[in-house]
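Trainee: I have the entry open and would like to go through it with you. Could we begin with a loop residue and work outwards?
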Amino acid sequence: MKNRISFLFLHLLILTLFSCNRAQQAPSKQPFSSNRIKELNKYLNQVSQAYSIPDLAVGIIHQDSVFNRTIGIAADKKQQIDSLMPFSAGSISEPLVATAILKLLDSGLIKLDDPVQQYLPYFKTADKINKKITIRHLLSHTSGIQHYPLLWDTPDTSVKALETTTRSIASQQLKFPFPGTRVVRSPYNYDILADLIGKVTSKPFENYIDEQVFKKLGMKSSSFLKPALTIQPFSITNWLTFISKPDSIYPYNRENSGSNGLHTTSADLSVWMEMLLNKGKTRQGVFVRRATFDDFFSVRYMTGKQSGITLGWELHKEDGQESLTKTSNITNFQNQILLMPEQEIGIAFLSNISARPISAEIIRNITNWLKGGHLPVVKIPVSLVMGKKFQETGSIDSALRLYQLLSKTKNTKYELNITALNSFGDILFKHLDNQPAALKLYGFSASIFPKSAEPYLNMAALYIKSKAYANAMIAIEKSRPLLNQNQMGYAFGMEQYIKERTTDQDPG
């Protein structure tokens with residue numbers, strides 16, 4: 001009898017422990033329904049064709065459903081790309097580095113308010129304020145370390161590459177004297193964090209994050225070292241027709257691996273986003289404790305009424321709901337991730353051409369669809385057909401007449417909105433350096449869309465580049481009654497730039 005009671009007790013104990021363990025696991029995700037998958041595939045095929053994207057990948061987490069799709073052809077155009085082949089993710093590296101820091105916090109190896117110099121004695125700046133800079137300041141871009149251009153043509157792949165980056169700022173002044181008081185984004189913050197992770201763990205940063213983040217989460221195709229086989233970037237060879245070819249410059253330098261070294265797939269990002277949406281839990285168990293997770297993501301540095309920064313992410317508020325984003329446009333890779341914790345939504349978009357800024361629109365459309373809306377029919381940007389006409393005739397007037405004809409006939413094949421129209425002006429201005437044609441386009445856009453400030457702001461930017469500051473101020477004045485909340489800061493920044501260059505000048 002005593003043995004039977006002992007057996008029952010042991011059986012109940014095992015069941016209890018098993019139940020507790022299951023309670024700590026994230027719920028398993030299932031594929032979307034076949035109809036939903038069909039809708040997504042149709043939309044993504046349209047996006048790929050309309051915007052001439054060689055390769056793209058999308059990962060979506062929504063409540064208990066998951067979706068992953070990769071579209072494209074390998075650079076040699078002989079075979080379809082493998083869904084396990086990673087993209088260069090650019091600054092999406094930052095929230096992954098923040099995840100490694102989160103893991104160190106949970107292990108008790110560091111604290112957010114520890115001085116960086118405690119772990120990196122060679123972390124110095126010219127003004128000696130570096131002693132006040134903490135891990136938290138690096139994570140939140142509030143250290144004051146200035147932004148420096150990243151170099152890809154002479155990459156350093158040595159083990160000491162990140163230490164080289166940390167040491168390189170020793171003669172530099174910080175942007176402001178009190179760390180923690182302002183947000184000034186610099187990739188060096190995350191390169192130094194990566195160096196710190198390596199020194200704390202006594203192993204190369206890339207090895208630690210592989211062992212403690214990628215392998216723990218099951219991110220099989222992710223690495224902070226450049227893999228032997230990757231998706232190649234494509235660059236535009238003809239901006240009027242958007243013909244592209246594989247780019248010879250690849251964005252990797254181990255000195256900047258913390259800020260831009262991540263290589264990953266949409267499927268791997270989905271696994272990682274799933275853990276974040278489940279507040280540190282995975283299908284296998286606990287990645288980090290809930291208390292550590294909540295404390296880490298409670299940090300807020302507001303840069304505006306509805307915008308700010310968390311540790312590794314950009315923060316946006318709309319209708320009382322928060323979203324976390326990270327966007328990267330670097331050497332012909334265009335990537336973006338979005339998390340909406342309250343709606344249990346996570347979306348990752350990866351692509352290997354950055355000619356047109358489309359990632360935000362695609363993610364916005366998918367988000368709306370997840371909330372019950374419809375995925376739009378993707379139209380060909382009118383800038384493409386206008387560019388072809390301009391190339392054929394050499395006349396901006398012929399391109400504008402074509403736009404008028406398409407608008408008059410209400411052609412549904414092309415996207416005719418103000419963004420699509422002005423993007424042709426941007427091509428003329430920024431890529432072809434044809435300022436007269438660009439000005440004519442922006443003026444035409446202002447007449448077609450009289451309630452928009454966008455054409456006038458574009459004119460002002462053009463005039464500033466050519467140092468025609470009086471004309472720039474006239475354009476800004478015309479934009480003023482039309483500005484929305486987001487445009488006000490941009491207009492103010494241009495005004496300040498003009499004032500700095502037109503006041504207190506030496507008359508001699």
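Predicted model: local features only at pLDDT ≥ 70, side-chain atom pairs only at ≥ 80, totals over all residues.

Trainee: Where does Thr134 lie, then?
Mentor: Thr134 belongs to the loop between α3 (93–107) and α4 (135–139).

Trainee: Is Thr134 buried or exposed?
Mentor: Thr134 is buried: its relative accessible area is 9%, and the cut-off for buried is under 20%.

Trainee: What does Ile135 touch, leaving aside its neighbours within four places in sequence?
Mentor: Ile135 is in contact with Ile101, Ile110, Lys111, Leu112, Asp114, Val116, Tyr119, Leu193 and Leu196, with those sequence neighbours left aside.

Trainee: Which residues of the largest nonpolar core touch the most other members?
Mentor: That core has 76 residues, and the ones touching the most other members are Leu96, Ile101, Ile135, Leu139, Trp272 and Phe296. Another core, of 40 residues, lies apart from it; Val382, Val385, Leu428 and Ala472 are among its members.

Trainee: Changing topic to the sheet: in what order do its strands run?
Mentor: The sheet is open and has nine strands, in the order β1-β3-β2-β13-β12-β11-β10-β9-β8, with mixed pairing. The edges are taken by β1 and β8 (301–302); each has a single partner strand, so one side of each is left without a neighbour in the sheet.

Trainee: How does β1 pair with β3?
Mentor: Strand β1 (residues 30–31) pairs with β3 in the parallel sense, over two bridges. Gln30 has Ser65 in β3 as its bridge partner.

Trainee: And how many bridges join β2 to β3?
Mentor: Eight bridges join β3 to strand β2 (residues 55–62), and the two run antiparallel. Ala57 stands opposite Thr70 in β3. In the hairpin that β2 and β3 form, two residues lie between the strands, and Gln63 takes a positive phi near 55°.

Trainee: How many residues of β3 are buried?
Mentor: Six of the eight residues of β3 (residues 65–72) are buried, so the strand is mostly covered.

Trainee: What about β12 and β13?
Mentor: Strand β12 (residues 333–340) and strand β13 (residues 345–351) run antiparallel and are joined by seven bridges. Leu338 stands opposite Ile347 in β13.

Trainee: Now helix α18. Which of its residues are buried?
Mentor: Gln487, Ala491, Met494, Glu495 and Ile498 are the buried residues of α18. They cover an arc of only 100° around the axis, which puts them on the same side of α18.

Trainee: Why would a spacing of three or four places matter there?
Mentor: An α-helix has 3.6 residues a turn, so residues three or four places apart point the same way.

Trainee: What do the buried residues of α18 pack against?
Mentor: They pack against α16 (454–465) and α17 (469–479). The face turned away from the buried side carries the exposed residues Gln485, Asn486 and Glu500.

Trainee: Which residue caps the N-terminal end of α18?
Mentor: Asn484 does, with a side-chain oxygen 2.8 Å from the backbone nitrogen of Gln487.

Terms used. Residues numbered from 1 in each chain as written. Heavy atoms only, no water. Buried < 20%, exposed > 50% of the residue type's maximum accessible area, 1.4 Å probe, protein only. Helix = DSSP H or I, 4+ residues; strand = E, 2+ residues; numbered from the N terminus. Pairing = 2+ DSSP bridges. Arc of directions from axis to C-beta. Contact = heavy atoms within 4.5 Å. Polar contact = N/O pair within 3.5 Å; in protein donor to acceptor, adjacent residues only side chain to side chain. Core = buried A, V, L, I, M, F, W, Y, C linked by side-chain atoms within 4.5 Å.
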